[in-house]
Protein chains: 2
Amino acid sequence: MCQLLGMDCNTPTDIVFSFEGFRLRGGLTDNHADGFGIAFFEGHGVRLLQDDKPCASSPVADLVQQYKIKSENVIAHIRKATQGQVHLVNTHPFVRELWGEYWVFAHNGNLRRFKPAGGEYFNPVGTTDSEQAFCYLLEQLRQRFRHKPAREVLFHTVAEITAELRQYGLFNYMLSNGDWLIAHASTLLFYIIRQAPFGKAVLTDEDVAIDFSAVTTPHDRVAVIATLPLTCNEQWQQLAINELVMFSQGEIVLRDCIQPPQYMSVQEGLAVARKAGVSM
Amino acid sequence: MCQLLGMDCNTPTDIVFSFEGFRLRGGLTDNHADGFGIAFFEGHGVRLLQDDKPCASSPVADLVQQYKIKSENVIAHIRKATQGQVHLVNTHPFVRELWGEYWVFAHNGNLRRFKPAGGEYFNPVGTTDSEQAFCYLLEQLRQRFRHKPAREVLFHTVAEITAELRQYGLFNYMLSNGDWLIAHASTLLFYIIRQAPFGKAVLTDEDVAIDFSAVTTPHDRVAVIATLPLTCNEQWQQLAINELVMFSQGEIVLRDCIQPPQYMSVQEGLAVARKAGVSM
């Protein structure tokens, strides 16, 4: 069902529990068998693990679960190819350096007829619409700002460029520079913010539960964002259609949303995706 | 002893045998205990595996050995920190996109007082002289060429920029875009080209042997480049001091070397490295 998974926290946290449910959707409980990728920020460094094998049976995914990498910002993606061959070069997340920072991007959707001119600063290596959109986004930011602007200015510029890009089609995405995580919903994206008092969570895709109170401190705050809720006993919040949100330190710090917000039902979201040729 | 390892082949080949000897130098048979990294090109895609744990005991290095990733171009690096904290962000190899290709770079050496101005196109994320040199090299290439020039022009431009950079100190490095691998020796770099008839090779660092004739075809050609020879029963060739070489399809296609070539003995090379504060 799910293609995107993100995490933003105020303390380095491992994503093993969420990833466990997520990876099963990559070829076992769902049909996303065309590779997967996960990017972990450790400070401003990025660890990118990718595989063109199905996530459910990938040895790289095994490493993610065994190694319990702690990170403040994570973006993961399970791929069902729509454009571009199944190949490592087309596997999300994509990484580029902008203003001396690594930026990480993953996309769930399908942008049709989006063929921008070659960039001066950023160009895709593979053949996906997603990498092209990412490069276009960075190109526009770099063209407008020689140096990184203030966070609010940056966010509103990203919102502008996103509004331009989503005219081409489905554009659910996540973007992070290690300090914050930006999420955009064309159709379906849900999030949960976990903080004290921590409780127990049960995965939707598997008979696995965790008691977060045993593995956290009272100061921890963790936002998890996913295409569909990963747990069945917690209250996930939904992003509105065309809403853009910036998470930092495990909470929402900036939002851009058309008023009044409109929400898509899961059924509608899946139907839109099918119509666009995107597997959700 | 060894810090850099590269491979360039005419057919996707796994580097497990060479990596086995190499990784033992990362904290077990030598003192390079400050992390390691290895980049595999698969076509024009890059798989980058890094760890800030010692290579000899790293679960990421275990994955490299178990997964037997096949690649036409590989660059690996074991780190003994000279400049910059031990942190993922400072772990080689470094990756950037130039002209719609991923470029991978790893450095063994120490460039003192090299503080270039901020780049228009490329800037370091971490704090090493190595990443700074890589960004400077790419910046110079991009400033001179809007589009990728012919291979000979590219090579000679890299040679020019390299000559400028090595004035700052020890600059053994490897660079690849997936089509070719460029190696530069300030002091010690050795290579071997394996082709039919393939024989048996025995690792220097460990009691392990391989019979390449059992795992190759008669058309395979594999160049392996390393700071010091990895096997004890084969004839490795040495790069001359300040020599720059481009390997492609498992053979040398371009060379830039001051005539007559001068070679450094292993003893001299180790002494120079110690003096520069670089562990070899």
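1. Let's start where the chains meet: 36 residues of chain A are in contact with 36 residues of chain B, contact meaning heavy atoms within 4.5 Å. This is a predicted model, in which local features need pLDDT of at least 70 and side-chain atom pairs count only at pLDDT 80 or more, while totals for chains, interfaces and linings use all residues. Residues are numbered from 1 along each chain as its sequence is written, and side-chain values use heavy atoms, leaving out hydrogens and water.

2. How much area do chain A and chain B bury between them? About 2,700 Å², with 52% of it on carbon and sulfur atoms; buried area is the accessible area (1.4 Å probe) that two parts lose on being put together, summed over both.

3. Now look for charges. Four salt bridges are counted between chain A and chain B (a side-chain nitrogen of Lys or Arg within 4 Å of a carboxyl oxygen of Asp or Glu). One to find is A:Arg47 with B:Asp51, whose closest N and O atoms are 3.9 Å apart.

4. Which element gives the most to the side of chain A that touches chain B? That is β3(A), with seven residues; strands here are DSSP runs (E, at least two residues), numbered from the N terminus.

5. Finally, look inside. The largest cavity holds about 530 Å³ of space; a cavity is a set of points on a 1 Å grid over the protein atoms alone where a 1.4 Å probe fits but cannot get out, and lining residues have an atom within 4 Å of a point. Its lining has 32 residues, and among those nearest the centre are A:Leu48 and B:Leu48.

Notes
Chains are lettered from A and ligands numbered from 1 in the order in which they are written. Helices (H or I, at least four residues) and strands (E, at least two) are DSSP runs, numbered from the N terminus. On a 1 Å grid over the protein atoms alone, a cavity is a set of points where a 1.4 Å probe fits but cannot get out, and a pocket is an open set with protein on both sides within 12 Å along at least five of seven lines; lining residues have an atom within 4 Å of a point. Grid points are joined across faces, edges and corners, and a volume is the space filled by probe spheres set on the points.
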